[in-house]
Structure formats: C-alpha cells, structure tokens
Amino acid sequence: MNDSPFPRHTARLLLRRFADADLLPFQAYRHDPEVGRFQGWSVLDNDAAAAFIASMATATFAVPGEWLQIAVADRSTDRLVGDIGICLRDDAARTAEIGFSVASGAQRRGIGTEAVSAAVALLFESGRVERIEGITDARNTPSIRLLERVGMRLDGTREALFKGETCTECVYSLPRARWREFAPMRSHQ
C-alpha cells in the first residue's frame with residue numbers, strides 16, 4: 001500500500017499533510033475554548049505547535065498505537081479549517097479510533113461530516129481497518145450527530161474522568177460491513 005494517501009479531495013475539502021503555513025489557523029481554532037471544550041488535546045504555545053505540525057507533516061500513515069493528525073483544508077483556498085486524528089489500535093480486531101476538530105467558522109456547514117466521511121473511507125480503503133470508533137462526551141451533541149451522520153452507532157457508554165471532571169463518554173462504532181451498506185445512502189445526500 002502507498003504509505004502516503006494524501007492529498008485526498010472531497011467536494012469542498014482537501015485532506016492532506018500539515019504544512020508550515022497552517023500554524024496560525026491551527027493555533028486560532030486550538031485556542032478557541034468552544035472548539036477545545038470536549039477535546040483531549042491541550043493548547044500549545046507557538047513553538048510546540050510548530051514542532052507538532054512539523055512532526056505530523058512527515059509522520060507515517062497508519063502505524064498501530066500512534067496518533068496521526070490529518071490537516072483538513074478548504075479545497076479552493078488551501079486554508080486549514082480543522083484536523084482529524086486517527087489511531088490504529090494494535091489489536092486483532094483491526095480497530096481504529098478517530099477524532100476531529102473543526103474551526104468555529106467552519107462549523108454548522110457539513111464540513112466536519114464531509115471530512116470525517118473522507119477519513120473513514122481512507123481508513124477502510126487502506127485495508128488495515130475492520131472497525132472504526134469515535135468516542136465523545138455525552139454533552140457534545142454536535143459530535144454525536146456527526147458520528148451518526150457518517151454511519152456510526154452507539155455501542156455503549158462509560159464513566160470517565162475528563163479535565164478533572166467526571167463525565168459520560170459515548171462510544172460509537174462503524175464496522176466495515178455497515179460502512180459498505182451506508183455508502184449508497186451517502187452518495188444520495
């Protein structure tokens with residue numbers, strides 16, 4: 001398999017490697033308290049963010065146990081509007097976890113759904129994944145709706161400690177077989 005499946009185009013977006021020019025927009029949405037409210041990442045200073053972007057620009061795709069952040073850019077301007085994290089688990093079930101962040105100005109327009117759908121397809125098409133999970137705080141209704149729009153179903157909930165506070169996490173999943181069934185419906189939306 002080609003180790004670099006990027007760039008990947010959708011109707012409005014470009015999923016690609018991070019680039020140096022992404023620093024300012026990356027920092028803008030990563031410093032937005034509303035974007036970061038339910039995220040596991042921490043705000044980085046500019047030097048740490050630049051180092052992170054540089055490491056993701058050359059990281060190997062789909063290494064079990066390692067998170068890879070994929071830049072999500074507006075296809076017409078190449079301006080960063082968010083990112084998607086993927087991590088293949090080192091398990092026999094061939095499971096990947098996916099997470100996403102979308103800049104406030106790009107929310108409520110289907111950008112997140114379009115980007116996550118493309119990342120899900122990328123993972124399944126790689127041949128390395130049989131099941132994808134998305135885990136979100138039960139209070140994060142927009143993320144729950146997005147996971148459902150891409151075909152995921154609630155597997156269960158669990159109590160967790162998040163940012164020093166007890167919360168309920170919702171675990172959503174999408175097996176390859178359901179994704180294949182869901183694909184024809186996606187093409188008619």
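In the predicted model, arginine 158 has a relative accessible area of 40% and is therefore classed as partly exposed. This arginine forms a salt bridge with glutamate 169, and their closest N and O atoms are 2.9 Å apart. The bridge connects distant parts of the chain, with arginine 158 in strand S7 (residues 153-162) and glutamate 169 in strand S8 (residues 165-175), eleven residues apart. In contrast to the partly exposed arginine 158, glutamate 169 is buried, with a relative accessible area of 18%.

The structure contains 14 salt bridges. Another of them is formed by the side chains of glutamate 130 and arginine 176, at 3.2 Å from N to O. Glutamate 130 is located in the loop between H4 and strand S6 (131-137), and arginine 176 in helix H6 (residues 176-187), so this bridge ties together parts that are 46 residues apart in sequence. Glutamate 130 is partly exposed at 33% relative accessibility, whereas arginine 176 is buried at 10%. A further salt bridge joins the side chains of arginine 131 and glutamate 133, with an N to O distance of 2.5 Å. Here arginine 131 is partly exposed, with a relative accessible area of 23%, while glutamate 133 is buried at 9%. Both residues belong to a network in which salt bridges with shared partners join Arg89, Glu97, Arg131, Glu133 and Asp155.

The largest nonpolar core comprises 51 residues, of which Ile84, Ile98 and Ile132 touch the most other members. Helix H4 (residues 111-125) makes the greatest contribution to this core, supplying ten residues. When residues up to four places away in sequence are not counted, the contacts of isoleucine 132 are Ala96, Ile98, Val120, Leu123, Phe124, Met152, Tyr172, Ser173 and Leu174. Helix H4 itself is mostly covered, as 14 of its 15 residues are buried. From its first C-alpha to its last, H4 reaches 21 Å, close to the 21 Å expected at 1.5 Å a residue. Just after H4, glycine 127 adopts a positive phi of about 80°.

Six aromatic pairs are present in the structure. In one of them, the ring centres of phenylalanine 18 and phenylalanine 26 are 5.7 Å apart and the ring planes stand at 85°, so the arrangement is edge-to-face. Phenylalanine 18 also pairs with phenylalanine 52; because the planes of these rings are at 65°, with centres 6.4 Å apart, this pair is edge-to-face as well. The second pair links distant parts of the chain: phenylalanine 18 lies in the loop between strand S2 (13-16) and helix H1 (23-30), and phenylalanine 52 lies in helix H3 (residues 46-58), 34 residues apart. Ring pairs link Phe18, Phe26, Tyr29 and Phe52 into a cluster.

Helix H3 also contains alanine 54, which is partly exposed at 40% relative accessibility. Alanine 54 and leucine 23 are separated by 31 residues in sequence and by 9.9 Å in space, C-alpha to C-alpha.

No disulfides are found anywhere in the structure. The cysteine sulfur closest to that of cysteine 167 belongs to cysteine 170, but the two sulfurs are 9.2 Å apart and therefore too far from each other for a bond. Cysteine 167 is buried, with a relative accessible area of 5%, and cysteine 170 is likewise buried, at 7% relative accessibility.

Terms used:
Residues numbered from 1 in each chain as written. Predicted model: local features only at pLDDT ≥ 70, side-chain atom pairs only at ≥ 80, totals over all residues. Heavy atoms only, no water. Core = buried A, V, L, I, M, F, W, Y, C linked by side-chain atoms within 4.5 Å. Buried < 20%, exposed > 50% of the residue type's maximum accessible area, 1.4 Å probe, protein only. Helix = DSSP H or I, 4+ residues; strand = E, 2+ residues; numbered from the N terminus. Contact = heavy atoms within 4.5 Å. Disulfide = S-S within 2.5 Å. Expected span 1.5 Å × (residues − 1). Phe/Tyr/Trp six-rings, centres within 6.5 Å; stacked < 30°, edge-to-face > 60°. Salt bridge = Lys/Arg side-chain N within 4 Å of Asp/Glu carboxyl O.
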